[in-house]
Number of protein chains: 2
Amino acid sequence: MALTTKSVKPKIVALAGGVGGAKLATGLQAALPPGCLTVIVNTGDDFEHWGLSICPDLDTVLYNLAHLNNPEMGWGRQDEAWTVLGEMARFGGEEWFRIGDRDLALHLRRTEWLRRGLSLTKATDRLRRLLGIPSVILPMCDEPVRTLVHTEEGDLPFQHYFVRRRCEPALVDISFVGAESATLSPEVQKALYAAELVIFCPSNPYVSIDPILSVPGLRDFLRRSSTPKVAVSPIVGGQALKGPAAKMMRELGEMSSPLTVVDHLGDVLDGFVIDRTDAELAGAVILPTLVTDTIMTDLASKERLAQEILTFGFSLKATALLAA
Amino acid sequence: MALTTKSVKPKIVALAGGVGGAKLATGLQAALPPGCLTVIVNTGDDFEHWGLSICPDLDTVLYNLAHLNNPEMGWGRQDEAWTVLGEMARFGGEEWFRIGDRDLALHLRRTEWLRRGLSLTKATDRLRRLLGIPSVILPMCDEPVRTLVHTEEGDLPFQHYFVRRRCEPALVDISFVGAESATLSPEVQKALYAAELVIFCPSNPYVSIDPILSVPGLRDFLRRSSTPKVAVSPIVGGQALKGPAAKMMRELGEMSSPLTVVDHLGDVLDGFVIDRTDAELAGAVILPTLVTDTIMTDLASKERLAQEILTFGFSLKATALLAA
């Protein structure tokens with residue numbers, strides 16, 4: 001189809017968190033000509049560990065788009081080794097967040113660049129080029145915005161909630177510390193202005209998508225933009241395919257349902273994508289809805305889903321143009 | 001003998017650079033009751049690499065005194081792995097200074113502590129305790145003092161001269177950048193005041209011992225102190241057992257001889273130790289001189305040499321007391 005010919009270079013923006021976002025981004029990269037895709041990534045999970053700047057979602061997207069990700073673990077590198085982590089025990093270093101030896105090389109380089117004054121945007125661009133990734137990968141902003149999870153057991157920085165406590169404490173609320181001081185980077189602005197389609201990857205709405213939308217100006221831009229915006233439900237059959245989204249919904253007093261995702265993000269969306277498992281809910285969605293297989297198991301299923309979403313998204317654009 | 005009984009706790013200070021110093025320090029630690037030895041270590045070689053604070057001589061002393069050193073390489077850890085270094089190639093990281101995976105854990109911890117405001121003295125003490133080392137290990141000072149090697153090919157920071165250029169450029173002069181602002185730490189002062197014997201390990205006089213003596217007040221303290229001070233020649237049979245000392249002597253227009261070491265350090269010394277190979281030079285040394293086997297191959301030979309030096313050093317003290 002036309003979208004994949006080299007002569008057509010549509011500009012597509014994907015908003016992504018970790019694993020689910022990285023999977024669809026991989027499909028989009030495969031479905032599109034090189035250079036068409038820009039992925040704007042959640043940095044609310046970022047934190048300092050072993051004295052290094054760790055950006056878990058950026059790394060997951062980088063490793064997936066470079067085909068270096070570890071599909072079994074869902075994070076980190078293939079063929080990973082763990083000598084440094086093992087040695088950390090001797091020196092009393094924290095071991096609850098597992099950094100592999102290959103993964104560590106990236107954290108060292110990025111931390112060195114950031115300490116020298118490079119922006120996270122520029123450091124990420126260096127990394128994706130060194131990894132041979134044809135897509136642009138942008139942190140949602142260069143300022144530190146940190147997801148703080150308010151739980152019944154107190155406030156927890158995101159990685160402490162997610163990794164150290166395995167999402168066990170019941171959720172009360174979430175805040176994005178520092179968001180009020182964040183700004184849209186020139187690179188994010190440029191990508192959003194150029195976008196012909198914006199895709200919300202099947203990422204957790206509360207801790208992957210909301211932090212991105214918390215950057216001042218981003219949600220308003222999307223709400224006012226005529227560019228079609230399509231979200232893929234991270235909830236399938238009442239469950240999150242990965243991560244705590246369904247558990248969080250229940251703890252917040254919501255149904256763990258694609259409808260809750262639409263309620264939460266609906267004001268910025270023009271279309272929605274749900275899994276065939278939830279086909280009977282399509283009539284209840286207030287937006288044009290694509291029902292398809294959304295579970296991505298291999299590169300072929302990622303690319304197929306990406307193609308369907310692109311076709312659906314552009315059809316919304318055509319409909320809007322015809323209606324205008 | 002009395003020195004090794006648990007009831008006698010003589011306070012011994014050793015000044016050390018890298019390999020040769022670490023070997024004798026290991027012998028002294030073996031020969032003395034726990035807690036008797038303080039090693040004051042050259043930090044002129046320290047530098048930043050991969051964004052981490054690297055202290056090559058402190059690390060060599062730490063690893064040797066913890067019996068974790070790699071005897072084949074002469075630096076770094078036993079059973080080392082190299083995954084991170086290999087991965088650094090992908091990210092354009094510098095590879096000329098080889099940091100192993102186990103070694104890296106120490107650099108990460110120390111760098112994290114220093115960034116949080118801990119002094120190098122305190123960070124080193126944490127490391128030696130975590131490694132179960134019964135001796136005190138002190139950096140020569142907490143301020144950065146950096147050995148700069150002036151060569152016929154220009155000025156080189158020490159590790160660039162020593163590791164990257166393999167000591168090939170001909171030496172013109174050496175300076176210790178920052179030395180004028182350095183101070184004797186309370187810990188170094190306390191160790192020097194308490195010392196009953198000061199031993200200059202067989203380390204390079206120009207780039208291991210001189211940086212230590214460059215800390216304002218240290219050389220004067222030693223010169224005026226009545227504590228016996230004994231140096232072990234790092235030159236045996238006209239050659240340095242390890243490192244560029246002999247080459248440096250020739251390039252500075254000196255003989256590569258133990259006598260050059262005495263000329264260089266003589267004003268602070270009360271005794272000198274040379275190898276049997278150089279026995280015929282003993283008469284030319286202006287100080288009381290012990291002639292013995294100074295080549296340390298295993299723990300037994302390190303401990304034997306240490307014992308002989310301790311006996312020799314304390315005999316100098318007895319002689320001085322009798323003469324007084």
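Me: In this predicted model, which residue just after α2(B) takes a positive phi?
Reply: The position in question follows directly on helix α2 of chain B, and its phi is about 60°. The residue with this positive phi, just after α2(B), is B:His67.

Me: Which residue in β13(B) does B:Ala231 stand opposite?
Reply: Strand β10 of chain B, residues 229-232, pairs with strand β13 of chain B, residues 271-275, in the parallel sense over three bridges. Within β13(B), the residue that B:Ala231 stands opposite is B:Phe272.

Me: Why is one side of β7 and of β8 of chain B left without a neighbour in the sheet?
Reply: These strands belong to an open sheet of three strands in chain B, with the order β7-β6-β8 and antiparallel pairing, and the twist there averages 25° from one strand to the next. One side of β7 (154-157) and of β8 (171-177) of chain B has no neighbour in the sheet because both stand at the edges, each with a single partner strand.

Me: Which residue in β7(B) stands opposite B:Val149?
Reply: Strand β6 of chain B, residues 146-151, runs antiparallel to β7(B) and is joined to β7(B) by four bridges. Opposite B:Val149, the residue in β7(B) is B:Leu156.

Me: Which residues have the most contacts inside the largest nonpolar core?
Reply: In soluble globular proteins, nonpolar side chains tend to be buried together. The largest nonpolar core of this model has 193 residues. Leaving aside neighbours within four places in sequence, B:Ala14 is in contact with residues including B:Leu24, B:Leu28, B:Val39 and B:Ile199. Those with the most contacts inside the core are A:Ala14 and B:Ala14.

Me: Which residue of chain B comes closest to the rotation axis?
Reply: Chain B is superposed on chain A by a rotation of 180° with 0.0 Å of shift along its axis, at an RMSD of 0.0 Å. The two copies are thus related as by a two-fold rotation axis. With its C-alpha at 3.7 Å, the residue of chain B that comes closest to this axis is B:Asp101.

Me: Which element gives the largest share of the side of chain B that touches chain A?
Reply: The contact takes 22 residues from chain B and 22 residues from chain A, and those of chain B divide into 10 nonpolar, five polar and seven charged. The elements of chain B that give two or more residues to this side are α3 (83-88) and α4 (101-115). The largest share, 10 residues, comes from α4(B).

Definitions and conventions
Residues are numbered from 1 along each chain as its sequence is written. Chains are lettered from A and ligands numbered from 1 in the order in which they are written. This is a predicted model: local features need pLDDT of at least 70, side-chain atom pairs count only at pLDDT 80 or more; totals for chains, interfaces and linings use all residues. Two residues are in contact if their C-beta atoms, placed from the backbone, lie within 7 Å. Ala, Val, Leu, Ile, Met, Phe, Trp, Tyr, Cys and Pro count as nonpolar, Asp, Glu, Lys and Arg as charged, and the others, Gly among them, as polar. Two strands pair if DSSP finds at least two bridges between them. Copies are superposed by least squares on the C-alpha atoms of residues with pLDDT of at least 70 in both. Axes are lines fitted to C-alpha atoms, for helices over the stretch in contact, and angles run from 0 to 180 degrees between N-to-C directions. A nonpolar core is a set of buried Ala, Val, Leu, Ile, Met, Phe, Trp, Tyr and Cys residues joined through C-beta atoms within 7 Å. A residue is buried if 20 or more other C-beta atoms lie within 10 Å of its own, exposed if 12 or fewer, and partly exposed in between; C-beta atoms are placed from the backbone.
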